[in-house]
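Here are a few friendly notes to read alongside the model.

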Amino acid sequence: MTASYKEPLIQVRGLEKVFRIKGGMLEKKQNLRAVRGVSFDIMPQETFGLVGESGCGKSTTGRLILQLLRPTGGEVLMEGKNLASMKGRALKEQRAKMQMVFQDPYASFDPRQNIYSAVSEPMVIYGLAKTKRERREKVAQLLADVGLNPDAMEKCPHEFSGGQRQRIGIARALALHPQFMVLDEPVSALDVSIQAQVINLLLEMKSQYGLTYLFISHDLSVIKYICDRVAVMYLGEIIEMADKETLFAQPLHPYSQALLAAAPKIGEQRTGEVLTGEVPSPIRPPKGCAFHPRCPHARECCKQVPPVQKLPDGRLIACWLYA
Ligand SMILES: Nc1ncnc2c1ncn2[C@@H]1O[C@H](COP(=O)(O)OP(=O)(O)OP(=O)(O)O)[C@@H](O)[C@H]1O
Ligand SMILES: [Mg+2]
């Protein structure tokens, strides 16, 4: 059953992830706060983007939503159901509706497995196509959907180019007819010329299968092309969230402004401040607004946590400049 109109498919509420890591001179365990109070909704058939510098918690957020990692706080609901409270068969069925596509398709395949077994594996686990013949037909269809010849089935991952392997990764993610996919930097490892082809394939699959996407990328041009709404993350927190058009026309958080200003644009002058300084450690995130030590507009009040404001244009922003 799909969610009724205007009900979010995915609801993320105050999500937290603390990793216990060994570090420091005394090898004492420390808390690394990878995701800190992240909340957002994803509407059915929406493409929701997560963007931010390396290490800001994008992949961890994606894994928490798919229950590949256990949250240390907060909750994730799909179709209104709290995933953490699900067990056994119900959880297994729910999991089939959520899939992930990774950055490096090569790393997610067993090199000795042929494409038929890689793509049909989820069907075997879930008993989706009962006979081998049915599975072969299904795999051939999936491969055709992602633009590959059915004889690809007999080959091994190393016989394909990066772009083709990512197509196979997408075919495997589609095998169980999911409703929701987390795409974690799905084109970042590909040549620029191939990136556009894979992005367009993702858009085609989205309309063909009625999918909802969480699209993770540090590449703003890709985010701008594919996403409907975008959340900007910094040190484990969302600092600004808006419709794609609103955000790209006028980013308001100084971090969003710096991130957008730093992105290369063809035939345009760079505008705005460019990021300086290092990203602080998530083991000891700065107090108050986590961006304030790098922010050109920082004031005394920025040492306090800024409230999350909803602006008239619908965007959410956590910054004292707008409070
Ligand atoms: N399993 C883990 N154990 C300990 N720390 C982790 C683990 N996974 C991630 N981290 C840490 O959590 C923080 C967030 O990592 P995450 O991979 O979510 O960032 P990211 O935004 O996806 O970065 P990138 O753009 O480089 O992929 C980082 O500081 C990272 O080192
Ligand atoms: Mg990542």
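1. Start with helix α1, where K58, S59, T60, T61, G62, L64 and I65 are buried. Keep in mind that you are looking at a predicted model.

2. Now step just past the end of α1. There you will find Q67, which has a positive phi of about 65 degrees.

3. Which residues are closest to ligand 1? They are A34, S54, K58, S59 and T60, out of 14 residues that surround the ligand. Strands β1 (10-23) and β2 (28-42), like α1, each supply at least two. Sorted by class, the shell holds seven polar residues, six nonpolar ones and one charged.

4. Zoom out to the whole chain, and you can look for nine helices and 12 strands. Of its 323 residues, 39% count as buried. Among contacts with a separation of 6 or more, 64% are between residues 24 or more positions apart.

5. Finally, consider the overall dimensions. The C-alpha trace spans about 70 × 50 × 50 Å along its principal axes. A compact globule of 323 residues would have a radius of gyration near 20 Å, so the chain's 21 Å agrees with that expectation.

Terms used:
Residues are numbered from 1 along each chain as its sequence is written. Chains are lettered from A and ligands numbered from 1 in the order in which they are written. This is a predicted model: local features need pLDDT of at least 70, side-chain atom pairs count only at pLDDT 80 or more; totals for chains, interfaces and linings use all residues. A residue is buried if 20 or more other C-beta atoms lie within 10 Å of its own, exposed if 12 or fewer, and partly exposed in between; C-beta atoms are placed from the backbone. Helices (H or I, at least four residues) and strands (E, at least two) are DSSP runs, numbered from the N terminus. A residue is near a molecule or strand if its C-beta atom, placed from the backbone, lies within 6 Å of it. Ala, Val, Leu, Ile, Met, Phe, Trp, Tyr, Cys and Pro count as nonpolar, Asp, Glu, Lys and Arg as charged, and the others, Gly among them, as polar. The radius of gyration is taken over C-alpha atoms; the globule rule is 2.2 Å times the number of residues to the power 0.38. Two residues are in contact if their C-beta atoms, placed from the backbone, lie within 7 Å.
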